[in-house]
Amino acid sequence: MAKKEKKKDLNRRAFIDRGFRFSIGLGLTGLGVGLYKRSRAKEYVWQLDPAKCIQCGRCATSCIMTPSAVKCFHVYDMCGYCDLCGGYFRPEAKNLTTAAENQLCPTAAIERKFIEEPFFEYHIIEELCIGCAKCVKGCGAFGNGSLQLQVNHRLCVDCNECSIARDCPADAFERVSIDSPYIFAGFSKEENKS
Amino acid sequence: MKKKIATILLLAIISLQVYNIYAIQRFPKPEFESGHTQPPTVTPDPRAQALDILDTFVLVAALSVVTWLVIKKRSRKGVFWMSVFAVLYFGFFREGCICSVGSLQNITLALFNPEYSIPLTAIAFFILPIVYTLFFGRTFCAGVCPLGTLQDIFALKPMSIKTWLEKVLGIIPFIYLGLAILYAATSTDFIICRYDPFVGFFRFDATFMMFSIGGVLLLTGIFIARPYCRFLCPYGALLNLVSRFSKKHITITPTECIQCRLCEDSCPFEAIDKPVLLKEKEERPIAVRRFLMYTIIIPVLILIGGYTGSQFHENLASVNTKVRLANELLNETNYGETEQEAFEITAFKAAGQSKEELYNEVAAIIKKFYIGGWILGGFIGLVFGLTLVSLTIFKYREDYTPNKGTCLSCARCVDYCPVLPEVKTELQ
């Protein structure tokens with residue numbers, strides 16, 4: 001008698017288990033199908049919009065990578081090849097030489113090269129750049145705005161949620177299609193305003 | 001025809017002018033006389049998409065291998081080496097992202113925010129381990145999850161903790177789960193990723209706070225095995241519920257339990273249920289009365305929880321960046337900065353949104369948090385109620401069996417069982 005009861009009990013439990021299992025399975029399938037419709041076939045990556053960027057300097061510190069995966073990019077098409085470069089020299093620089101005390105970049109990551117009178121070309125040494133945006137600010141304020149911050153996709157590990165995006169005061173970070181992973185603002189901020 | 005050409009010309013001129021507007025620069029690009037060619041702007045390519053598919057493939061393969069090792073081979077050694085592989089691949093090689101634990105936030109965000117398009121890998125990482133758990137128990141926890149396996153390797157001298165303490169701490173994952181869903185659903189933050197204690201180790205790069213939390217968890221893990229999995233992990237809370245209905249599950253003994261008690265203390269997670277003797281069976285009326293009492297208590301707890309949650313909705317919402325911004329603007333606190341205008345406020349002014357628009361937007365967000373606070377509180381109340389009920393339910397067991405909910409399928413207990421699978425064939 002006792003044995004029979006126990007068997008019945010077990011069967012009932014097995015039945016309940018099966019019911020739950022079936023409904024969880026059904027729910028998962030529904031969820032999967034529903035989400036699949038909203039999913040994207042193309043991958044997206046994090047990028048920042050230089051038009052929104054206010055050069056606060058948090059890109060240098062908020063990234064999970066040290067140094068940050070955000071680097072300064074030089075859009076040569078926009079560069080005026082100035083001798084007095086707002087991105088290269090400190091505002092109070094005494095003379096326009098490559099001496100360390102004249103440079104704005106804290107890590108000396110910008111290389112200045114003479115091309116022809118009166119033009120100079122500037123290169124970003126990616127290994128040294130920390131993404132602090134000091135030069136970006138300088139270039140935007142006094143020059144054409146050809147120095148722009150961008151996420152370097154060779155370095156970015158594409159976190160589920162970008163920790164810089166979380167800290168960005170200007171909400172400049174967004175996910176962009178992997179096909180066009182870089183955004184360059186084609187004009188400087190000041191002109192946009194006027 | 002002429003007209004057409006004229007319009008095309010006109011368009012061309014207009015577009016040129018548009019181009020000019022954008023190309024007006026303070027210092028126009030020089031034309032070099034020395035024939036210098038301008039270097040291109042270097043834009044390194046992102047990681048190939050194919051590797052994401054590889055991740056999903058590795059996940060399926062690892063889940064299958066661990067499940068086979070746990071259910072069929074019953075090999076602790078195999079599971080151990082698989083967990084080393086998981087730490088190396090999902091942890092150090094893939095740098096802990098994306099993981100199943102965090103993917104539940106992507107799922108929530110995708111459900112609540114139609115603008116967010118979820119990556120396919122996130123769906124796979126969320127659903128596949130649950131499917132495997134539904135059929136074979138928490139084999140994902142045993143040897144695939146990089147967070148769990150990292151702690152598993154550290155579980156060197158496990159001690160037992162009091163049952164009541166374990167039950168109380170066991171509620172935390174559900175609260176964490178509720179909070180994570182609330183913040184993901186309101187597009188506020190991914191708190192699981194933000195407070196992931198081990199991802200900093202995988203990347204050899206952690207803030208001091210996260211490094212300390214992770215370090216403390218790993219060191220406690222030496223004595224209290226896998227503390228994150230048992231007392232924090234929100235995905236583990238989900239798997240715990242699903243695993244209770246799993247079709248197959250690891251068993252301590254390959255055939256029949258001989259009540260030798262050798263496995264009794266083998267489980268570092270205290271997930272082995274001891275036999276409950278039949279003579280402890282209580283009178284039916286008492287059990288019925290208790291059942292009735294709890295059916296009344298649970299709705300009351302849900303209401304109390306919901307009300308409490310809704311009272312705290314403004315505190316919950318203050319984490320949201322927009323709510324914070326509105327707060328700082330209203331109170332003119334400037335994010336606690338005294339020397340200069342806070343970057344958030346500068347950016348807000350530059351973006352050109354009016355304060356009224358922001359306040360309206362924030363009011364809508366706070367309303368969401370009010371509803372969310374009710375649901376979260378009610379959910380926590382429900383979890384409390386169900387935990388209370390589960391403490392008083394006796395399941396009559398004759399053998400030592402793994403608790404299907406809390407068992408992490410690590411297969412440690414298997415090595416303690418003296419019963420050999422061959423014995424069965426000999427008897428027959």
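**Exercise 1. Find the domains of chain A and say how far apart their centres lie.**

Solution. Start with the bounds, which come from an automatic or database domain assignment: chain A splits into domain 1 (1-39) and domain 2 (44-193). Next, take the centres over C-alpha atoms: those of domain 1 of chain A and domain 2 of chain A are separated by 56 Å.

A word on the ground rules: this is a predicted model, where local features need pLDDT of at least 70, side-chain atom pairs count only at pLDDT 80 or more, and totals for chains, interfaces and linings use all residues. Residues are numbered from 1 along each chain as its sequence is written, while chains are lettered from A and ligands numbered from 1 in the order in which they are written.

**Exercise 2. Work out whether chain B is a compact globule or more spread out.**

Solution. First, tally the secondary structure: chain B has 20 helices and two strands. (Helices, H or I with at least four residues, and strands, E with at least two, are DSSP runs numbered from the N terminus.) Then compare sizes: the radius of gyration of chain B is 29 Å, well over the 22 Å that the globule rule gives for 428 residues, so chain B is more spread out than a compact globule. Here the radius is taken over C-alpha atoms, and the rule is 2.2 Å times the number of residues to the power 0.38. Finally, look at the box: along the principal axes, the C-alpha atoms of chain B fill roughly 100 × 55 × 55 Å.

**Exercise 3. Describe how the two domains of chain B meet.**

Solution. The assignment for chain B gives domain 1 (56-265 + 404-420) and domain 2 (282-392). Their centres, over C-alpha atoms, are 27 Å apart. Now count the contact, where two residues qualify if their C-beta atoms, placed from the backbone, lie within 7 Å: 12 residues come from domain 1 of chain B and 14 residues from domain 2 of chain B. On the domain 1 side, helix α9 (residues 172-185) of chain B gives the most, with seven residues. By class, that side of domain 1 has seven nonpolar, three polar and two charged residues. (Ala, Val, Leu, Ile, Met, Phe, Trp, Tyr, Cys and Pro count as nonpolar, Asp, Glu, Lys and Arg as charged, and the others, Gly among them, as polar.)

**Exercise 4. Which elements of chain B touch chain A, and which gives the most?**

Solution. Begin with the totals: 51 residues of chain B contact 51 residues of chain A. On the chain B side, the elements giving two or more residues are α4 (100-112), α5 (120-136) and α18 (343-351). Of these, α5(B) gives the most, with six residues. Sorted by class, the chain B side has 28 nonpolar, 11 polar and 12 charged residues.

**Exercise 5. Where are the cis peptide bonds joining A:Thr66 to A:Pro67 and B:Cys97 to B:Ile98?**

Solution. The A:Thr66–A:Pro67 bond has omega of about -5°, and A:Pro67 sits in the loop between α2 (59-62) and β2 (70-74) of chain A. For B:Cys97–B:Ile98, omega is about 5°, with B:Ile98 in the loop between α3 and α4 of chain B.
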